[in-house]
Amino acid sequence: MNAESDGSTSPLPERERDAAKELAADLYNALAAGDRERLVALLHPRFEGRTTEGLPFELGGVYRGPDAMQRDFWGRIAKHYTARAVPTRFNWLDDGRLAITGRYTGNARVGHGKLDAEFIHILTFTQGRISGLIQLTDSERWREALTPDSGLRAVEFSVTHGIAVLRLNRPYQRNAIDQTMADDLYEAAQRCAARSDLRALVILGNGRTFTVGGDITVFADTEPEELSTTLRRMVTPYHEALRIFAELPAPVVTAVHGSVGGGGLGMVYCADIALAAEETKFATGFSALGLSGDGGTSWYLPRLVGMRRAQALYQGRVLDAREAREWGLISEVVDPEQLEEIALNRAETLASGPTRAYAEVRTLLRNSESSTLSEQLTAEIDALARTAATVDAARAVRSFITKSKPIFEGR
């Protein structure tokens, strides 16, 4: 540990100060190494962490107990950032606490923006262990790392190895869809459509809720005579985004949690795999607002759940995650702690598959409801001929004959 000390005095005896500084140094080393066992040994059973309000993903707050700090703060940071806390100076406070200044360095996992933010950590020690940590840092620097030069304001978007990840990013508004988010979703959809290397898209939501649907505060702040124009202007780019997502030549995985409401259901409808965390609630909510609805609900719901159930949802029926699965609205219910990991793993599996074939299947299934049997049989022949001409098909046939595993390249 190369951090400096100002040599200031503290109420603690020198031996205890030296031991406390060693504990602090061990803390940063254990965090850098991801050493959970060492962290358990360092933190007092009554440990309490207080972190900076305004951090992304609602990370700011109070964490009581070592498990909560590891799982809900440091663990969640590791999901979204490759970050390291590098201490540079130790200062003893008059009350016996140790103040440590330094920098967080690293990158965001989504967007790969650079993280460079100063911090002050104030540590409290009890019975030879760390019993308290107060974190002060520039939360805006953490946010900026998530969307480096993306031009997007209400969503996060990145593509890595052919897998696009889109995150709704208005967590403090429960990811309510306003004009900015609608425009950003349309822009992200266009970026997906423009990529020839796209192999899969994952749609997620930051914060405690996937989305509550349209932003009711926008409706409330709009004069009644202007509401019709406002809604048309907001919903048009959102619907275009949904149309593009549904027609992408690559599979879509949507993973939802908390609640999914109103037009936000459209991002569930267009998915090939729709995952939901346990306890997630689903509702259209349109009738409560005196509105007819959007997000493709009138087209998708009867096809997914049947006419009578679609009518029930329009009339205000609320579903939990397991009911939504039983009704056919979602594909699978998963553990909330594993939702994102499972979604990304499913996307990786799909991305390693025959992308061109997936694209043809998406189109066939989407058009099947409006096609006659004769039209669908013809469409299948045409799609089969197109996929048979792909490199992936040729390789897969050879692999089948030689009893080896095919490697698909999406072409």
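Hi everyone. Which residues of α1 are buried? Arg17, Ala20, Leu23, Ala24, Ala25, Leu27, Tyr28 and Ala30 are, where buried means under 20% relative accessible area, exposed means over 50% and partly exposed lies in between, with a 1.4 Å probe and protein chains only.

A word on what we are looking at. This is a predicted model, so local features need pLDDT of at least 70 and side-chain atom pairs count only at pLDDT 80 or more, while totals for chains, interfaces and linings use all residues. Residues are numbered from 1 along each chain as its sequence is written, and side-chain values use heavy atoms, with hydrogens and water left out.

Now the overall picture. The protein chain has 15 helices and 16 strands; these are DSSP runs numbered from the N terminus, helices being H or I with at least four residues and strands E with at least two. Its C-alpha atoms fill a box of roughly 90 × 65 × 40 Å along the principal axes. Of the 411 residues, 46% count as buried. If you take contacts (heavy atoms within 4.5 Å) between residues at least 6 apart in sequence, 64% join residues at least 24 apart.

Back to α1, residues 14-33. Its 20 residues should span 28 Å at 1.5 Å a residue, and the end C-alpha atoms are 29 Å apart, which agrees; the expected span is 1.5 Å times one less than the number of residues. Just after α1, Gly34 takes a positive phi of about 65 degrees.

Next, helix packing. Two packed helices are described by the angle between their axes and the distance between the axes. Here the axes are lines fitted to C-alpha atoms over the stretch in contact, and angles run from 0 to 180 degrees between N-to-C directions.

Take α5 (residues 179-194) and α7 (residues 224-247): their axes come within 8 Å and cross at roughly 25 degrees. The two helices are therefore roughly parallel to each other, a label for angles under 35 degrees, with over 145 roughly antiparallel, 65 to 115 roughly perpendicular and the rest oblique. The residues of this contact divide into 11 nonpolar, 3 polar and 3 charged. In that scheme Ala, Val, Leu, Ile, Met, Phe, Trp, Tyr, Cys and Pro are nonpolar, Asp, Glu, Lys and Arg are charged, and the others, Gly among them, are polar.

The other pair is α13 (residues 355-368) with α14 (residues 373-388), packing at about 170 degrees with axes 10 Å apart. That makes α13 roughly antiparallel to α14. On the α13 side, the contact residues include Glu360 and Leu364, and this contact divides into 4 nonpolar, 4 polar and 4 charged. Glu360 and Leu364 are also among the buried residues of α13. What covers those buried residues includes α7, β11, α12, α14 and α15.

Finally, some loops. Glu58 sits between β2 and β3, and at 18% relative accessibility it counts as buried. What does Glu58 touch, leaving aside neighbours within four places in sequence? Its contacts are Tyr63, Arg76, Pro171, Tyr172, Gly207 and Arg208. Glu58 and Gly207 are 149 residues apart in sequence, yet 6.0 Å apart C-alpha to C-alpha.

Gln127, in the loop between β6 and β7, has a positive phi near 55 degrees and counts as exposed at 67%. Glu279, between β13 and β14, has phi near 80 degrees and is exposed at 64%. Thanks, everyone!
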